[in-house]
2 protein chains.
Amino acid sequence: MERLIIWAPDGLPEVRPGDDLGVLVGDLLAGEGLAEGDVVVVTSKIVSKAEGRVVAADDREDAVTAETVRVVATRERPGLPPLRIVENRLGLVMAAAGVDASNTPEGTVLLLPQDPDASARRIRAALRARLGVDRLGVVVTDTAGRPWRDALVDIAIGAAGIQVVDDLRGGVDAHGRPLSVTVTAVVDEVASASELVRGKATGRAVAVVRGLARFVGDADGPGARALVRPSADDLFREGSAEAYARGYATGLADGLSAGAPGGPDPVRATPAP
Amino acid sequence: MERLIIWAPDGLPEVRPGDDLGVLVGDLLAGEGLAEGDVVVVTSKIVSKAEGRVVAADDREDAVTAETVRVVATRERPGLPPLRIVENRLGLVMAAAGVDASNTPEGTVLLLPQDPDASARRIRAALRARLGVDRLGVVVTDTAGRPWRDALVDIAIGAAGIQVVDDLRGGVDAHGRPLSVTVTAVVDEVASASELVRGKATGRAVAVVRGLARFVGDADGPGARALVRPSADDLFREGSAEAYARGYATGLADGLSAGAPGGPDPVRATPAP
C-alpha cells in the first residue's frame, strides 16, 4: 500500500541575497537519503531571499503597486492601507501582490521570485547533480487566501520535474460514466501537504515528500504557471463591488444619454457597496 | 523530527444507503494500528451514500436547483446545461452545488451530506469506541474548483476532533514583526494531502494522517463550517459578469429616471460580457 511521507529537516541557515540555494538545500538534504521519485518543496520566501528580491521599501504599499499588473478587488480597512487583491507579474491573484513584509529586516520587503518555475528548474538541476537522484521534483510554494473560505493554504507558484496536474479526463467510474472530477492540481496539494509539516512559526523552509513517484519524471515540465487561469476565462476576474460599480457607471451613462440632459442624483449615483 | 505519514487502506466495501459508516470504517482501520493523535479522512461521497443522499434525478439540473441557496455565477456551455456556481445549504460555493453524478447508478445523483460536521462527529465517536483511541480527528472531504487557478483540490467540508485552523495571530517573526500569515486552514490542507494518497481513480475513500497530534484534541470543536466565509464579507460574493449586469441595470434605471422619458438603445442596454 502506498504511503506518503513528508518531513522537514532542521538546519537550513538564514538565507541571504546571493546565496546559491541549490548548494544550501543540497547541504541540508545531503544526509536525508533522498530517493528516485522524491519531491523537494521549498518556500518562495527563501527563493526570494537567495535571489535578492529583498528591496528597500519604507512604504510596503509602493512595492505592492510596483508588482501589480491588474487590480482585482480592494477593501478599505480602518487604520490600515486598503486591502488590495491584485494580479501580479506571475498571473497570481493575491492580496498585496504577494509582497511579504514579515521575516525581513525593518524597512525592507520581500518580492516573489522573478520566475519561480525557473527557480524550481535551477534548484532541481543542482539537487540532481549533488544528490545523485535523477527523478526528482521541486515545488516552490507561497501562501494564499481564497474567495469564500477563511484562512490560508499553501499553493505552488513554481514547479519542475513533477506533473502539475493529474488529468483523469476520459476516465470512467465504476458505473461506466465519465468521471466528473477530472483534473487535480497535484502541485497545489503537495504545497498544502508540506505546509502541515513545515509550519509557519518553525521557520523550516524545506520539506521532502516521498510517495508521489508516479508524478515525477525526467523532464522539467510546464511549471506551476500552467495552473494560472487566464483572467479572461475567469468568472471572478473582478471583485463583485468593482464589477457592480463599473456596470453602474456604464448603465448610468447609457440611461442619461438615452434621456434628456440633466444630472443624476449624486447620492443615488454612488454604487451600492 | 516530525514526520507526516499518510496512507489509504484498501478494502472498504461498496457503501450503500443505511450502512453504518462508523462500523465500515472501523472494520477497515481495525488492523491499521491507529494511535493517539491520528486523523481519519473520509470522502463526502461515502458519507453521502451511507446517509442515503442518493436521490433519483433524471435531470441532475433539478437536483442542483434544489440544493442552491444563492446563485453566485453562471456560464453558458455549448451543448451542455449552463455551469452554475452556487452557494449551497452548507454555505459552500461550488459548481453544481456539490451535486455529484459520477460513481452513482444511472438516473441518480449524490447530494452532499445533510450536515458533514455532524457526520464527522458521529464517525469520530464510533471510531474512538471501536479502535480505543481517544484523541482522534475526523475530516470529511469534497473536491472543489477555485477562482483564478485551474484544476481542483480537496477541501474539508466536515471536521471533528481536529483544529480547523492554526491561528498564529499575535505571533512575531525573527525580527519581532507581526507574522503576516496568521491563520492556516489546517483541515483544508489535510484534505488536499490525503487526496494525493487516495487518488480519484482508485476508489479509496479513507485515509489516515499521522503526525498532526498537535492539532488533535478531546473536543469535537466547531467543525469545518467555521471555514465558510459569510458571503456578506466576501469580495467575490457574486460573479464579475453578474455584478456588472446588476450594476448596469441599476445605473441605467437611475440614468433614465434622472433624464426625460425615452427608452434606452436596446443594443447598448445589453451588459458587456
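Student: Is Asp59(A) buried, partly exposed or exposed?

Tutor: Asp59(A) is partly exposed, because its relative accessible area is 36%, which falls between the 20% and 50% cut-offs. Bear in mind that this is a predicted model. As for where it sits, Asp59(A) is in the loop that links strand E3 (54–56) to helix H3 (60–67) of chain A. Its side chain reaches the backbone nitrogen of Glu61(A) at 2.8 Å. If you want a sense of distance, take Asn88(A): it is 29 residues from Asp59(A) along the chain, and the two C-alpha atoms are separated by 18 Å.

Now step back to the chain around that loop. Chain A has six helices and twelve strands, and 54% of its 273 residues are buried. Take its contacts between residues at least 6 apart in sequence: 65% of them join residues at least 24 apart.

H1 of chain A (residues 21–29) is largely enclosed by the rest of the structure, because seven of its nine residues are buried. Those are Leu21(A), Gly22(A), Leu24(A), Val25(A), Gly26(A), Leu28(A) and Leu29(A). The cover over them includes strand E2 (39–43), helix H2 (44–50), helix H4 (116–131) and strand E12 (206–210) of chain A.

Leu21(A) leads us on to the core. The largest nonpolar core has 120 residues, and Leu21(A), Val40(A) and Val190(A) are among those with the most contacts inside it, along with Leu21(B), Val40(B) and Val190(B). A further core of 14 residues lies apart from that one, and it includes Val93(A), Leu235(A), Val72(B) and Ile85(B). Over in chain B, and setting aside neighbours within four places in sequence, Leu21(B) touches Val15(B), Gly26(B), Val42(B), Ile46(B), Val47(B), Ala50(B) and Ile123(B).

That brings us to the interface. Chain B puts 99 residues into the contact and chain A puts in 100. Together they bury about 8700 Å², with carbon and sulfur atoms giving 55% of it. Of the area that chain B buries against chain A, Trp148(B), Arg149(B) and Leu196(B) supply 11%, more than any other three residues. Arg149(B) also forms a salt bridge with Asp188(A), at 2.9 Å from N to O, and the count between the two chains is six salt bridges. Polar contacts across the interface come to 46 residue pairs. On the side of chain B that touches chain A, H6(B) gives the most, with 14 residues. By class, that side has 50 nonpolar, 22 polar and 27 charged residues.

Most residues other than glycine have a negative phi. Ala96(B), though, has a positive phi near 55°, and it sits in the loop between strand E6 (93–95) and strand E7 (108–110) of chain B. Ala96(B) counts as buried because its relative accessible area is 12%, under the 20% cut-off. Ala151(B) has a positive phi too, of about 70°, but this residue lies in strand E9 of chain B. With a relative accessible area of 13%, Ala151(B) is buried as well.

Notes: Residues numbered from 1 in each chain as written. Chains lettered and ligands numbered in written order. Predicted model: local features only at pLDDT ≥ 70, side-chain atom pairs only at ≥ 80, totals over all residues. Heavy atoms only, no water. Core = buried A, V, L, I, M, F, W, Y, C linked by side-chain atoms within 4.5 Å. Buried < 20%, exposed > 50% of the residue type's maximum accessible area, 1.4 Å probe, protein only. Contact = heavy atoms within 4.5 Å. Buried area = accessible area lost by both parts, 1.4 Å probe. Salt bridge = Lys/Arg side-chain N within 4 Å of Asp/Glu carboxyl O. Polar contact = N/O pair within 3.5 Å; in protein donor to acceptor, adjacent residues only side chain to side chain. Helix = DSSP H or I, 4+ residues; strand = E, 2+ residues; numbered from the N terminus. Nonpolar A, V, L, I, M, F, W, Y, C, P; charged D, E, K, R; others polar.
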